[in-house]
Amino acid sequence: DNHSLSIREIIQEHAEGMGKKANLFYLPEFFLKTPFKLIGKSDYLKKITGSLQLDISPIQKTLGWEPLVSVEEGLQETARSFQS
């Protein structure tokens with residue numbers, strides 16, 4: 001719905017949809033750089049810590065499409081569907 005969410009927010013919405021608490025903690029990227037570099041996967045670190053934003057405005061403009069539910073509602077409903 002053109003609303004940006006962080007990975008943290010996505011995880012929290014999924015947890016809420018499952019009726020659980022998201023047990024998250026902060027780990028500075030600095031602590032991950034060395035291990036990823038040692039195993040030759042520095043590019044993967046950039047992928048998992050970088051921006052995951054998606055701009056849906058072109059498709060909205062082209063098709064005149066509007067989402068039926070918010071991102072938060074969609075994530076929670078998706079999480080609930082995995083419990084069935």
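Gln-76 is buried, at a relative accessible area of 15%, where buried means under 20% relative accessible area, exposed over 50% and partly exposed in between, with a 1.4 Å probe and protein chains only. The residue lies in helix α5; helices here are DSSP runs of H or I with at least four residues, numbered from the N terminus. The model is a predicted one, in which local features need pLDDT of at least 70 and side-chain atom pairs count only at pLDDT 80 or more, while totals for chains, interfaces and linings use all residues. Residues are numbered from 1 along each chain as its sequence is written, and side-chain values use heavy atoms, with hydrogens and water left out.

Which residues does Gln-76 contact, leaving aside its neighbours within four places in sequence? They are Glu-13, Glu-16 and Gly-17, with contact meaning heavy atoms within 4.5 Å. The side chains of Gln-76 and Glu-16 are also joined by a polar contact of 3.3 Å. A polar contact is a pair of N or O atoms within 3.5 Å; within protein, one must be able to donate a hydrogen and the other to accept it, and residues adjacent in sequence count only if both atoms are side-chain atoms.

Helix α1 covers residues 7–17 and helix α5 residues 71–83; their axes are 7 Å apart and the packing angle is about 50°. Axes are lines fitted to C-alpha atoms, for helices over the stretch in contact, and angles run from 0 to 180 degrees between N-to-C directions. The pair α1 and α5 is therefore oblique, since angles under 35 degrees count as roughly parallel, over 145 as roughly antiparallel, 65 to 115 as roughly perpendicular and the rest as oblique. From α1, Ile-10, Glu-13, His-14, Glu-16 and Gly-17 take part, and they meet Glu-72, Leu-75, Gln-76, Thr-78, Ala-79, Arg-80 and Gln-83 of α5. By class, the residues of this contact between α1 and α5 are three nonpolar, five polar and four charged. Ala, Val, Leu, Ile, Met, Phe, Trp, Tyr, Cys and Pro count as nonpolar, Asp, Glu, Lys and Arg as charged, and the others, Gly among them, as polar.

Within α1, Glu-13, Ala-15 and Gly-17 are the buried residues, and α5 is included in what covers them. Ile-7, also in α1, is partly exposed at a relative accessible area of 43%. Ile-7 and Ile-48 are 41 residues apart in sequence, with 9.5 Å between their C-alpha atoms.

Beyond the end of α1, Met-18 sits in the loop between α1 and α2 (30–38). Met-18 is partly exposed, at 31% relative accessibility. Not counting residues up to four places away in sequence, Met-18 touches Ala-79 and Gln-83. Just after α1, Gly-19 has a positive phi of about 70°. Met-18 and Pro-35 are 17 residues apart in sequence, yet 33 Å apart from C-alpha to C-alpha.

The axes of α2 and helix α3 (residues 42–49) cross at roughly 140° and come within 7 Å. That angle makes α2 oblique to α3. Leu-32, Lys-33, Phe-36 and Lys-37 of α2 make the contact with Ser-42, Tyr-44, Leu-45 and Ile-48 of α3.

Finally, Gln-60 is placed in helix α4 (residues 57–63). Gln-60 is buried at 14% relative accessible area, and a polar contact of 3.4 Å joins its side chain to that of Glu-66.

How values were computed: Helices (H or I, at least four residues) and strands (E, at least two) are DSSP runs, numbered from the N terminus.
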